[in-house]
Amino acid sequence: AFSKVSGVDKISAISFPMGTWQDASSDVRIKAEDEKTGVRDYYIDENYLTHFDLKLVAGENFSQNLAQQKELFAIVNETFIQRFELGDPAESIGQSIVLGDSTHLTIRGVVADFLFKPSNYAIEPLLLRYNPDQFGTLNLSLSSADIPSTITALEHNWQQLADVPLEAKFFDEVIE
């Protein structure tokens with residue numbers, strides 16, 4: 001519905017906005033007998049990487065039509081690969097990781113390191129996951145000359161879909 005609104009260029013989804021204090025963490029290990037390490041994680045859709053110009057250095061993005069019964073794949077950053085000693089990015093593709101007690105995911109892609117937390121944080125290992133049930137934020141890039149009219153159209157479309165008011169903020173306001 002939002003993609004049909006004039007002035008909306010890109011749409012992607014994520015569990016929590018990056019660049020903020022909001023996040024989640026999963027216990028990660030490579031083998032069942034390894035000690036668990038907490039790693040920041042976000043659920044993203046197949047549009048997120050291109051929407052924010054995040055560069056894949058190896059592997060591939062999540063599939064556009066990834067119809068799956070359970071989580072299967074992960075995308076990680078370069079620091080994740082180094083922390084868990086998985087070789088270079090290309091060597092890490094196809095390797096399995098264990099989350100929590102029993103979730104096994106296969107590394108599908110590696111993104112170049114970038115600041116995903118506020119700028120006073122160091123770059124940490126990052127785990128990107130795919131589960132649409134976990135999406136909490138839609139990201140829209142607008143190119144309208146009349147932003148208030150575009151937002152009004154988005155609100156109208158939202159009212160057709162949900163019984164709660166649209167909560168919209170500009171990304172720079174969220175980061176602030």
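Ala, Val, Leu, Ile, Met, Phe, Trp, Tyr, Cys and Pro count here as nonpolar, Asp, Glu, Lys and Arg as charged, and the others, Gly among them, as polar. In this predicted model, the lining of the second largest pocket divides on that basis into ten nonpolar residues, two polar and one charged.

**Overall build**

The protein has five helices and nine strands, which follow one another along the sequence as β-β-β-α-β-β-α-α-β-β-β-β-α-α. Its C-alpha atoms fill a box of roughly 55 × 40 × 25 Å along the principal axes. Of the 176 residues, 38% are buried. Among contacts between residues at least 6 apart in sequence, 71% join residues at least 24 apart. The accessible surface comes to about 10,100 Å², and carbon and sulfur atoms account for 47% of that area.

**Pockets**

| Pocket | Volume | Lining |
|---|---|---|
| Largest | about 1,000 Å³ | 28 residues |

Nearest the centre of the largest pocket lie T137, L138, E167, A168 and K169. Its lining consists of 18 nonpolar, seven polar and three charged residues. At least two lining residues come from each of β9 (137–142), α4 (147–161) and α5 (171–175). The most come from β9, which supplies six.

Note on methods. Residues are numbered from 1 along each chain as its sequence is written. This is a predicted model: local features need pLDDT of at least 70, side-chain atom pairs count only at pLDDT 80 or more; totals for chains, interfaces and linings use all residues. Side-chain values use heavy atoms; hydrogens and water are left out. On a 1 Å grid over the protein atoms alone, a cavity is a set of points where a 1.4 Å probe fits but cannot get out, and a pocket is an open set with protein on both sides within 12 Å along at least five of seven lines; lining residues have an atom within 4 Å of a point. Grid points are joined across faces, edges and corners, and a volume is the space filled by probe spheres set on the points. Helices (H or I, at least four residues) and strands (E, at least two) are DSSP runs, numbered from the N terminus. Buried means under 20% relative accessible area, exposed over 50%, partly exposed in between (1.4 Å probe, protein chains only). Contact means heavy atoms within 4.5 Å. Accessible areas come from the Shrake-Rupley method with a 1.4 Å probe; for residues, only the protein chains shown count as cover.
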